[in-house]
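The entries below are kept in the order in which I looked things up.

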Amino acid sequence: LTSAADRALARAKQELAYGQARSAERNSQDVFFALGEAMSQSLDPLETVHNFGEAIARSLGIEMCGLWRVQDDGVLSQITEHITGGPLADVSSQMTTMPPITVAELEESGLMKPYPVYIEDASVSDVMPERFRRLMPAHTWFIAAPVPTVTSGLLVMSADHTRSAPPAMSLVLAIARLAGAALGNADAYQRAQTRGEQLAGLAGVGGLLFGDGEYEDRLGAVAKRIVEVTGYPTVTLDTLDPAGERPFCRNVYGRQADGAELDARDMAAWRSMRPALREPAVADFLKKTNKPLIMDDPVTQAPPAYREFIEQMGIRTTAVAPILWQGEMLGMLYFASCRPGAFGDDDIALMHSIASQLAPAIRVVALHLALETSYRDLKDAHLHALLRLAYAAEARDPYTECHLQRIRAHALAIASRM
């Protein structure tokens, strides 16, 4: 009898475990179905992210779900949040009035790990930052899972134990990876949209080289337009002198690390420096690669002549883009930032597009000046030829010899008397 009872109990436990596993499997399938449906509701990736957060909360039956992203300064910013109701709605509104949380604070408390972190009761756990812990209702579980994106993110879930049980950590991890894919799509969409707007704003920027005034002033106008459209802190434009009178022409536009405009003395010092355009090794390398060169440590990577100035200005990242036309080096674009790692792959593509757009304009300016010089020389030669013919005709008759010279002397005398 005992053996039969044991077998029956074991069978019941197996059936219960199987039923729980099937229930968890069905629950996971329901969640993934809801997430897939949310991601297909809109072609706008930003709206898809919001739908994604709502689908997580509704399919799991939890009170709160949010997605956060780490900004460049290490502060977390909220991308989306969905609250189905309950005390957590008041908690969320109070959290928005508090100082934002940072990655350093999360890592120190233990809330940000490479794996999901589960808190049984967020109102008493030391893992929860103190200013948020005192707002959390009692008996509220809390989960924070890392979201793998280009910039780190965090998936947050929470609910009262009496309202909803916490999901399995394996399910949370899978949801976080899907959230990373959704955020990645949103980032790619946003970058493509921004780049399209920037290229539209820079359309015809080469036309500024054909305005009035000195050529270097027009270079400054081009640099200013690039800064205004792209948001890059400092842009320098070097070109060969189209008139052939100087070794190079340069102008710069931008701001310092504190946001103030570049000092006039600093600008003059920078403009007087020998450009990389005149460095054969640098010019040959950029001509071969034909793409922007990023320097994340310009103090040590830049040529020695520039290092003191770069360190003095607090520049942490630089980029040099060659301006090529049919294999000929016409100029260079310099981009500088006081922020480490300021330029990425999207910036390289944008810089290359700007350089490609400026190349034909610079070439046309040089051809235009060459044509003007040729026309002026031709005009002078034509005038001299006429004068020589006139002198030759006068020389044949002693009565008319030097007639032109006498007329010119009379004209000058009359003009000076008037």
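The entries that follow go from conventions to sheets, then to cores and the pocket.

**Entry 1: conventions.** I am working with a predicted model, in which local features need pLDDT of at least 70 and side-chain atom pairs count only at pLDDT 80 or more, while totals for chains, interfaces and linings use all residues. Residues are numbered from 1 along each chain as its sequence is written, and side-chain values use heavy atoms, with hydrogens and water left out. I take helices (H or I, at least four residues) and strands (E, at least two) as DSSP runs, numbered from the N terminus. I count two strands as paired if DSSP finds at least two bridges between them.

**Entry 2: the sheet holding E1 to E5.** I looked up the strand order and found an open sheet of 5 strands, E2-E1-E5-E4-E3, with antiparallel pairing. Strand E2 (76-83) and strand E3 (117-119) are at the edges with a single partner strand each, so one side of each has no neighbour in the sheet. I note an average twist of 15° from one strand to the next; axes are lines fitted to C-alpha atoms, for helices over the stretch in contact, and angles run from 0 to 180 degrees between N-to-C directions.

I then followed the pairs. E1 and strand E5 (residues 153-160) are antiparallel over 6 bridges, and Leu-67 is opposite Leu-155 in E5. E4 and E5 are joined by 8 bridges, whereas E3 and E4 pair over 3 bridges. Ala-144 of E4 is opposite Val-117 and has Val-156 in E5 as a bridge partner.

**Entry 3: burial of E4.** Is E4 buried or exposed? I find 8 of its 8 residues buried, where buried means under 20% relative accessible area, exposed over 50% and partly exposed in between (1.4 Å probe, protein chains only). Side chains in a regular strand alternate between the two faces of the sheet. In E4, Thr-140, Phe-142, Ala-144 and Pro-146 point one way, and Trp-141, Ile-143, Ala-145 and Val-147 point the other way.

Entry 4: I checked contacts (heavy atoms within 4.5 Å). Helix H2 (residues 45-60) packs on the sheet and touches E1, E2 and E5, at about 50° to the direction of E2. H6 lies across E1, E2, E3, strand E4 (140-147) and E5, and runs at about 50° to E4.

**Entry 5: the sheet holding E6 to E10.** This open sheet has 5 strands in the order E7-E6-E10-E9-E8, again with antiparallel pairing. Strand E7 (249-254) and strand E8 (293-295) are its edges, each with a single partner strand, so one side of each lacks a neighbour in the sheet. The twist averages 15° from one strand to the next.

Helix H7 (residues 215-230) touches strand E6 (234-239), E7 and E10, its direction at about 35° to that of E7. Helix H8 (residues 264-272) also touches E6, E7 and E10, with about 145° between its direction and that of E7.

For the pairs, I recorded 9 bridges between strand E9 (residues 317-325) and strand E10 (residues 328-337), with Thr-318 opposite Ala-336. E6 has 6 bridges to E7 and 6 bridges to E10. I find 6 of the 6 residues of E6 buried.

**Entry 6: the cores.** I define a nonpolar core as a set of buried Ala, Val, Leu, Ile, Met, Phe, Trp, Tyr and Cys residues joined through side-chain atoms within 4.5 Å. The largest has 30 residues, and those touching the most other members include Leu-209, Ile-226, Phe-335 and Leu-358. H7, E6, E9, E10 and helix H12 (345-395) each give two or more residues, and H12 has the largest share, 9 residues. Leaving aside neighbours within four places in sequence, Leu-358 contacts Val-205, Gly-206, Val-222, Leu-237, Ile-323 and Leu-333. A second, separate core of 27 residues includes Val-49, Val-147, Val-172 and Ala-176.

**Entry 7: the largest pocket.** Which residues lie nearest the centre of the largest pocket? They are Asp-72, Arg-191, Ala-342, Asp-346 and Asp-347, out of 27 lining residues. A pocket here, on a 1 Å grid over the protein atoms alone, is an open set of points where a 1.4 Å probe fits, with protein on both sides within 12 Å along at least five of seven lines; lining residues have an atom within 4 Å of a point. The space in the largest pocket is about 870 Å³, the volume being that filled by probe spheres set on the points, which are joined across faces, edges and corners. Strand E1 (64-70), helix H6 (169-201) and H12 each give two or more residues to the lining, and H6 gives the most, with 6 residues.
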